[in-house]
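This report goes through one protein model, from the whole chain down to single side chains. Please keep the sequence and the coordinates at hand while reading.

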Amino acid sequence: MLGSKRQGVAVWLTSLKFARQLRRFGNVHYVSKKMKYVVFYCDQEKVEETIKKLQSFPFVRDVKPSMRPFIETEFQNAKPDKAKEYDYKMGI
């Protein structure tokens, strides 16, 4: 998994007692007890087959992949506003 591209997957569960079973699909990053979902990371090449496998389980309500790898994070006109830049220097 070192050096490979990773992608996040959010899985909503019927019960959190099944959250431990998701560790075999990737690295579990976060478990929400209140909203009963798990966020984990897996190889980007294996995301589609992992989602299909997860949807076949009876304890899984919904599965959504993260779109972060496909979103452009470098912005073209990212010049700060002169007034805001002055405020930042003042410590406001």
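What does the accessible surface of the protein chain come to, and what percentage of that surface belongs to carbon and sulfur atoms? In this predicted model, the accessible surface is about 7,600 Å², and carbon and sulfur atoms account for 52% of that area.

**Overall layout**

The protein chain contains four strands and two helices. Read from the N terminus, the elements follow the order β-β-β-α-β-α. The chain has 92 residues, of which 27% are buried. Taking the contacts between residues at least 6 apart in sequence, 63% link residues at least 24 apart.

**Helix α1**

Helix α1 spans residues 47-55, and its buried residues are V47, T50, I51 and L54. Viewed down the axis of α1, these buried residues fall within an arc of 100°, so they line one face of the helix. They pack against three strands, namely β1 (6-13), β3 (37-43) and β4 (60-65). On the face of α1 turned away from the buried side sit E48 and K52, which are exposed.

T50 shows the buried side in detail. This residue of α1 has a relative accessible area of 7% and is therefore buried. Apart from neighbours within four places in sequence, T50 is in contact with F25, F40 and C42.

K53 also belongs to α1. Its relative accessibility is 45%, so K53 counts as partly exposed. The C-alpha atoms of K53 and F25 are 9.6 Å apart in space, although 28 residues separate the two in sequence.

**Aromatic side chains**

The structure has five aromatic pairs. In one of them, Y30 and Y37 have ring centres 6.0 Å apart and planes at 50°, so this pair is tilted. Y30 is partly exposed, its relative accessible area being 42%. A single aromatic cluster is formed by F18, F25, F57 and F59. F25, a member of that cluster, is also one of the contacts of T50.

**Charged pair**

Side chains of opposite charge can pair when their charged atoms come close. The count here is one salt bridge. Which residues form it, and at what distance? The side chains of K46 and D43 do, at 3.9 Å from N to O. K46 is partly exposed, with 43% relative accessible area, whereas D43 is buried at 13%.

**Surface patch**

M67, F70 and I71 make a nonpolar surface patch of about 340 Å². I71 is in the loop that runs between β4 and α2 (82-90). Its relative accessible area is 53%, which places I71 among exposed residues.

**Accessibility of selected residues**

The table collects the relative accessible areas given above.

| Residue | Relative accessible area | Class |
|---|---|---|
| T50 | 7% | buried |
| D43 | 13% | buried |
| Y30 | 42% | partly exposed |
| K46 | 43% | partly exposed |
| K53 | 45% | partly exposed |
| I71 | 53% | exposed |

Why is K53 partly exposed while I71 is exposed? The class "exposed" needs a relative accessible area over 50%. I71 has 53% and is exposed, whereas K53 has 45% and is partly exposed.

Conventions. Residues are numbered from 1 along each chain as its sequence is written. This is a predicted model: local features need pLDDT of at least 70, side-chain atom pairs count only at pLDDT 80 or more; totals for chains, interfaces and linings use all residues. Side-chain values use heavy atoms; hydrogens and water are left out. Buried means under 20% relative accessible area, exposed over 50%, partly exposed in between (1.4 Å probe, protein chains only). The arc is that of the directions from the helix axis to the C-beta atoms. Contact means heavy atoms within 4.5 Å. Patches are made of residues with over 30% relative accessible area and no salt bridge: like charges are joined within 9 Å, nonpolar side chains (Val, Leu, Ile, Met, Phe, Trp, Tyr) within 5 Å. Accessible areas come from the Shrake-Rupley method with a 1.4 Å probe; for residues, only the protein chains shown count as cover. A salt bridge is a side-chain nitrogen of Lys or Arg within 4 Å of a carboxyl oxygen of Asp or Glu. Rings of Phe, Tyr and Trp (its six-membered ring) pair if their centres lie within 6.5 Å; planes under 30 degrees apart count as stacked, over 60 as edge-to-face and the rest as tilted.
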